[in-house]
Amino acid sequence: MIFILVALASVATNYFFYDEIHEWRVGVERRLRDEAAHLIDRFPAWVELFNGTNFAHQIQADEPHPPLSAKFPVVLMPGVISSGIELWHGYPCALRLKSFREKMWGGASLLKQIIMDKECWLDHLKLDPKTKLDPLNIKLRASQGFDASDYLFPGFWVWGKLLESLALIGYESNSMYMASYDWRLPFKNLEIRDAYFTRLKFNIEMLHNRQKAKVVIIGHSMGSILFYYFSQWIAHPEYGNAGIDWVDNHIASFVNVGGVMLGTPKALTTLLSGEAEDTAVGEYLSSHLVDRFIFSKHQRAALFRSD
């Protein structure tokens with residue numbers, strides 16, 4: 001009976017509102033075609049931006065002044081998008097894909113994990129909802145070294161061009177440090193689980209002593225917020241307990257690249273609904289593709305609320 005009523009309602013709707021429905025469908029199709037054409041037109045420019053320009057050699061060729069040289073040691077603190085997370089232990093659904101120490105976030109293996117088993121990938125990326133630490137039988141850890149954050153995936157550089165440019169003027173692994181971290185964890189739990197701030201303090205002091213110069217911190221996005229937290233943690237008597245002069249004695253300057261130092265109130269809508277600006281403003285094309293073929297709002301909300 002219910003199916004009959006639904007069918008009759010559908011027929012009646014199409015009969016009485018045919019013109020309105022047809023106009024709406026034509027508008028949606030037109031918008032989809034326009035957005036697809038826009039993406040196709042922009043694609044060559046993206047490829048050229050990511051791969052076509054060698055910025056480091058351009059610096060060398062265009063530099064009118066005496067050659068630059070390395071002076072201050074550098075610590076790089078990446079943001080969420082460029083902080084790789086790799087699998088050390090997990091469920092059989094992940095391990096059967098030969099994913100040990102493959103990146104569950106960042107790198108080409110991210111796409112493989114999502115395509116092969118999206119639900120498995122989501123289960124591994126979530127934290128325990130109560131402790132905000134590792135769930136039972138799952139262990140993900142931040143990738144280490146420059147490979148952790150140089151490229152999001154092949155062809156899409158994040159820190160890669162900056163590392164190349166710094167290397168051109170004399171920087172190398174003994175004068176730079178990539179302070180990668182597990183961005184899912186609350187800042188306090190980074191120290192509890194990974195001793196992150198203790199290790200960051202040690203590496204800054206090591207660079208300072210080795211290079212006989214204060215350290216320049218370059219923070220991107222969430223990395224900038226993390227450095228601000230570290231600067232408070234290091235001086236607090238119950239945490240770093242290094243004294244209020246430690247930052248002045250070891251840090252030469254701080255470069256903020258897109259860090260939201262005044263807070264992110266719009267994140268509240270993401271936590272409540274799973275919706276974000278990137279998907280909300282994309283309207284028909286992007287929201288349809290994300291919801292249907294990648295992650296629904298419910299899946300995104302569950303992931304964001306666990307972190």
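Modeller: Go ahead. One term before we start: helices (H or I, at least four residues) and strands (E, at least two) are DSSP runs, numbered from the N terminus. Keep in mind that this is a predicted model.

Colleague: Fine. Which salt bridge joins Glu205, and to what partner?

Modeller: Lys201. The side chains of Glu205 and Lys201 come together with N and O 2.9 Å apart.

Colleague: How are those two placed in helix H9?

Modeller: They're four residues apart in H9, so about one helical turn separates Glu205 from Lys201.

Colleague: And is Glu205 buried or partly exposed?

Modeller: Partly exposed, because its relative accessibility is 21% and the buried class stops under 20%.

Colleague: How many salt bridges are there altogether?

Modeller: Eight. Some of them share partners: Asp134, Arg141, Asp182, Arg184, Arg193 and Asp194 are linked that way into one network.

Colleague: Let's look at that network. What's the N to O distance between Asp182 and Arg184?

Modeller: 2.8 Å between the closest N and O atoms, and the pair forms a salt bridge. Both Asp182 and Arg184 are buried.

Colleague: What about Asp134, who is its salt-bridge partner?

Modeller: Arg141, with the closest N and O atoms 2.9 Å apart. The pair also shows up as a side-chain polar contact of 2.9 Å. Asp134 counts as partly exposed because its relative accessible area is 22%.

Colleague: Where does Arg141 sit?

Modeller: In strand E4, which covers residues 139–142.

Colleague: Which residues does Arg141 touch beyond its sequence neighbours?

Modeller: Leaving out residues within four places in sequence, Arg141 contacts Gly84, Ile85, Glu86, Trp88, Asp134, Arg193 and Asp194. Take Gly84: in sequence it is 57 residues from Arg141, yet their C-alpha atoms are 8.6 Å apart.

Colleague: OK, what kind of sheet holds E4?

Modeller: An open one of three strands, in the order E3-E2-E4, with antiparallel pairing. Its edge strands are E3 (103–105) and E4, and each of those pairs on one side only. From one strand to the next, the twist averages 45 degrees.

Colleague: How many bridges connect E2 and E3?

Modeller: Two; E2 spans residues 85–89 and runs antiparallel to E3. You can find Ile85 opposite Trp105 of E3. Ile85 is also among the residues that Arg141 contacts.

Colleague: Which helix packs on that sheet?

Modeller: H6, residues 118–125. H6 touches E2, E3 and E4, and its direction makes about 80 degrees with that of E3.

Colleague: Switching topic. What's the strand order in the four-stranded sheet?

Modeller: E7-E1-E8-E9, open, with parallel pairing. E7 (176–178) and E9 (251–257) are the edge strands, each pairing on one side only. Neighbouring strands there are turned by 15 degrees against each other on average, if you ignore direction.

Colleague: Which residue faces Val75 across the strands?

Modeller: Tyr177 in E7 stands opposite Val75. Three bridges join E1 (residues 74–77) to E7, and the two run parallel.

Colleague: Which helices lie on this sheet?

Modeller: H9, residues 196–211, lies across E1, E7, E8 (215–220) and E9, running at about 155 degrees to E1. H10, residues 222–233, packs there too, touching E1, E8 and E9, with its direction at about 130 degrees to that of E8.

Colleague: And how do H8 and H10 pack?

Modeller: H8 is residues 187–194; its axis and that of H10 are 10 Å apart, at an angle of about 70 degrees. The two helices are therefore roughly perpendicular, as angles of 65 to 115 degrees count that way. On the H8 side the contact uses Phe187, Lys188, Leu190 and Glu191, and on the H10 side Met222, Ile225, Leu226, Tyr229 and Trp233.

Colleague: Last one: where is Ser175, and is it buried or exposed?

Modeller: Ser175 is in the loop between H7 (160–168) and E7. With 4% relative accessibility, Ser175 counts as buried. Not counting residues up to four places away, Ser175 touches Pro73, Val74, Leu207 and Gln211.

Conventions
Residues are numbered from 1 along each chain as its sequence is written. Side-chain values use heavy atoms; hydrogens and water are left out. Contact means heavy atoms within 4.5 Å. A polar contact is a pair of N or O atoms within 3.5 Å; within protein, one must be able to donate a hydrogen and the other to accept it, and residues adjacent in sequence count only if both atoms are side-chain atoms. Two strands pair if DSSP finds at least two bridges between them. Axes are lines fitted to C-alpha atoms, for helices over the stretch in contact, and angles run from 0 to 180 degrees between N-to-C directions. A salt bridge is a side-chain nitrogen of Lys or Arg within 4 Å of a carboxyl oxygen of Asp or Glu. Buried means under 20% relative accessible area, exposed over 50%, partly exposed in between (1.4 Å probe, protein chains only). Angles under 35 degrees count as roughly parallel, over 145 as roughly antiparallel, 65 to 115 as roughly perpendicular and the rest as oblique.
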